[in-house]
Amino acid sequence: VDGTIIAWGLLNKQLGEQFNINRVPALLVDMHSKEEDFGCLPFIHHLAYDENTGQEELLKHLIELGHERIAYVIDGPCADVMRAFEKAAAVYDFDFSEDDVFQFRALGEKQVCYLEKLMHFYKKTAATWDQLKSYTAIVCADPLGVLGVMEFMKSKGLTVGKDVSVAGYGNCPMLGPKVTCVDKTLEETGKKAVRILLDAIANPDAPVARVKMQTRLFIGETTGAAPA
């Protein structure tokens, strides 16, 4: 092939060595990454996300709605997202700590279908409900897991957006237009990725690209005023 896009995954050592041997132009599109993670792969182009704008807009939105206790549900490593949210909390002097972060990871590295992911987050929400029910807003960093969180809320007879606010991450098509989420502008990201790779193929001696896409907040119907 003339070039490779590695979408939303981390390079393991073996794959990195293979790219190093072949030197086929490659671009890594990664949701949750740190610049220092790729110092050992200086020949691979990198398209990442600047999480700061999206997370700050999200927290500001929830604060303006009157939320004072926000839980953050994560699935696997997303240090850059959490750093951005914690930075936003410092900007707005909002009380947020590690105790407000809930790790739902239990599926390992295996690929799972949409329904398995939804049920996993449903069960994890149920298992931690005694803690989560004290929060008026829940943010889920998994693009599909947020649907499982909301399904559990519905099973408890709660109206999402009224009794409890829920926000997601990644404006993927399955969420539809109703879910408030941090939008990763997937279409723009895809176009940018193709342009970077085509430039790398056409100009093999050009410097390696390190590009970041902005995230932004999309406001749907799943967030509302904090209940009294």
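Predicted model: local features only at pLDDT ≥ 70, side-chain atom pairs only at ≥ 80, totals over all residues.

1. Residues are numbered from 1 along each chain as its sequence is written, and side-chain values use heavy atoms, with hydrogens and water left out.

2. D183 belongs to strand β8, residues 181-183. Strands (E, at least two residues) and helices (H or I, at least four) are DSSP runs, numbered from the N terminus. D183 is buried but has no salt bridge. Buried means under 20% relative accessible area, exposed over 50%, and partly exposed in between (1.4 Å probe, protein chains only). A salt bridge requires a side-chain nitrogen of Lys or Arg within 4 Å of a carboxyl oxygen of Asp or Glu. The nearest side chain of opposite charge to D183 is R216, 4.1 Å away; Lys and Arg count as positive and Asp and Glu as negative, with His and the chain ends not counted.

3. I5 lies in strand β1, residues 4-7, and is partly exposed, at 37% relative accessible area.

4. Which helix holds M150? It is helix α6, residues 145-155. M150 is buried, with a relative accessible area of 8%. Leaving aside neighbours within four places in sequence, M150 is in contact with V160, V166, V179 and T222, contact meaning heavy atoms within 4.5 Å. M150 and S165 are 15 residues apart in sequence and 9.4 Å apart in space, C-alpha to C-alpha.
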